[in-house]
Amino acid sequence: MTPLVVYYSRTGHTQTVATSLAKKIGAETIRIEPASRVNLAFGAMEALMSMTSPIKPCRTDLAGIDTLVIATPVWATKIPPYVNMYLSLLTGAEGKPFHVLVERGSPGSDRPTEVVCHLLEKKGMRFMSSATIVEKDVESGLYEDTVRRFADGILSK
Ligand SMILES: Cc1cc2nc3c(=O)[nH]c(=O)nc-3n(C[C@H](O)[C@H](O)[C@H](O)COP(=O)(O)O)c2cc1C
């Protein structure tokens with residue numbers, strides 16, 4: 001398996017879970033970087049309206065990658081506009097499996113996972129599994145169990 005973990009993280013929590021997962025499944029990581037300074041109020045509105053926002057150039061072609069993991073924080077019950085942009089730019093995705101790792105302030109609906117699924121299934125990708133971790137479990141270290149189970153599931157597919 002040649003997996004890739006792609007994540008966006010403004011304050012480090014999603015980065016912590018994404019890099020922990022990547023280590024466990026032997027994946028490369030890509031961090032999505034906004035092209036300009038983040039304005040939170042504007043970004044939240046863009047997230048709510050499912051809009052895209054420019055990102056710095058990064059690898060968006062999945063040639064040579066056979067499993068994709070998207071790790072994203074929740075913004076305004078959905079996902080940040082930078083993640084929407086990354087997903088819209090993806091190429092070479094047809095027929096490949098993907099997993100979703102959601103990191104959020106507090107428990108809530110499956111909407112963020114559904115948003116990622118909708119965008120990637122439009123590209124012909126196949127949803128395999130998802131996991132959700134709350135911010136306080138990242139800070140206490142409790143996230144490790146969830147990441148381990150999620151990683152085991154990815155490796156067994
Ligand atoms: C603009 C904005 C909107 C957010 N909206 C939600 C939300 O709707 N639900 C939720 O559970 N957390 C929400 N959060 C909290 C983040 O998901 C949480 O702080 C997460 O840990 C941030 O990840 P990071 O440290 O990788 O940037 C929001 C955070 C920001 C900045």
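User: At what distance does a backbone N or O atom of threonine 77 lie from an oxygen atom of the ligand?

Analyst: This is a predicted model in which local features need pLDDT of at least 70 and side-chain atom pairs count only at pLDDT 80 or more, while totals for chains, interfaces and linings use all residues. Residues are numbered from 1 along each chain as its sequence is written, and side-chain values use heavy atoms, with hydrogens and water left out. With a polar contact taken as a pair of N or O atoms within 3.5 Å, the distance between a backbone N or O atom of threonine 77 and an oxygen atom of the ligand is 2.8 Å.

User: Which elements give two or more residues to the shell around the ligand?

Analyst: The ligand is surrounded by 18 residues, each with a heavy atom within 4 Å of it, and Ser9, Thr11, His13, Glu103 and Glu135 are the closest. Among helices of at least four residues and strands of at least two, taken as DSSP runs, those that give two or more are helix H1 (13–25), helix H2 (40–48) and strand E4 (97–104).

User: Which strands stand at the edges of the sheet?

Analyst: Five strands form an open, parallel sheet in the order E2-E1-E3-E4-E5, where pairing requires at least two DSSP bridges. Each edge strand has a single partner, so one side of it is left without a neighbour in the sheet, and the two in question are E2 (28–31) and E5 (126–134).

User: What angle does the direction of helix H4 make with that of E4?

Analyst: Strand E3 (residues 67–73) is joined to E4 by six bridges, with isoleucine 70 partnered by valine 100 in E4. Helix H4 (residues 111–121) touches E3, E4 and E5, with contact meaning heavy atoms within 4.5 Å. On a scale from 0 to 180 degrees between N-to-C directions, its angle with E4 is about 150 degrees.

Key. Polar contact = N/O pair within 3.5 Å; in protein donor to acceptor, adjacent residues only side chain to side chain.
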